[in-house]
Amino acid sequence: MNELIESRITHNPLQCGGKPCIRGMRIRVSDILQMLAEGVSNETILQDYPDLELADIQACLFYAARRANLERLVA
């Protein structure tokens, strides 16, 4: 899972305000996640963004799951 995320999710402070993007493209992880949350199918996303691959969408989901599982210290 980490390899999938690391190979597909990139962070560049000079691109999209440093937000996580897919493979250095200007397609933000948050945009893909929002489309999925709105019920847009993988097939439609792939049609709308022909440079994306199914593994990119899966990497976005893994990334979100990993971020949601971060432990926080409580004072």
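**Reading charges, folds and one glutamine**

Author: In this predicted model, the mean positions of the 8 positive and 10 negative charges of the protein lie 9 Å apart. Lys and Arg count as positive and Asp and Glu as negative, with His and the chain ends not counted, and each charge is placed at NZ of Lys, CZ of Arg, CG of Asp or CD of Glu.

Reader: What pattern does the protein follow along the sequence?

Author: Helices (H or I, at least four residues) and strands (E, at least two) are DSSP runs, numbered from the N terminus. Here there are four helices and two strands, and the pattern read along the sequence is α-β-β-α-α-α.

Reader: Where is the place of Gln15?

Author: Gln15 sits in the loop between strand S1 (9–10) and strand S2 (21–22).

Reader: Does Gln15 count as buried or exposed, and why?

Author: Buried means under 20% relative accessible area, exposed over 50%, and partly exposed in between (1.4 Å probe, protein chains only). Gln15 counts as buried because its relative accessibility is 9%; of the 75 residues of the protein, 27% count as buried.

Reader: Which residues is Gln15 in contact with, leaving aside its neighbours within four places in sequence?

Author: With contact meaning heavy atoms within 4.5 Å, the residues that Gln15 touches beyond those neighbours are Gly24, Met25 and Arg26.

Technical notes:
Residues numbered from 1 in each chain as written. Predicted model: local features only at pLDDT ≥ 70, side-chain atom pairs only at ≥ 80, totals over all residues. Heavy atoms only, no water.
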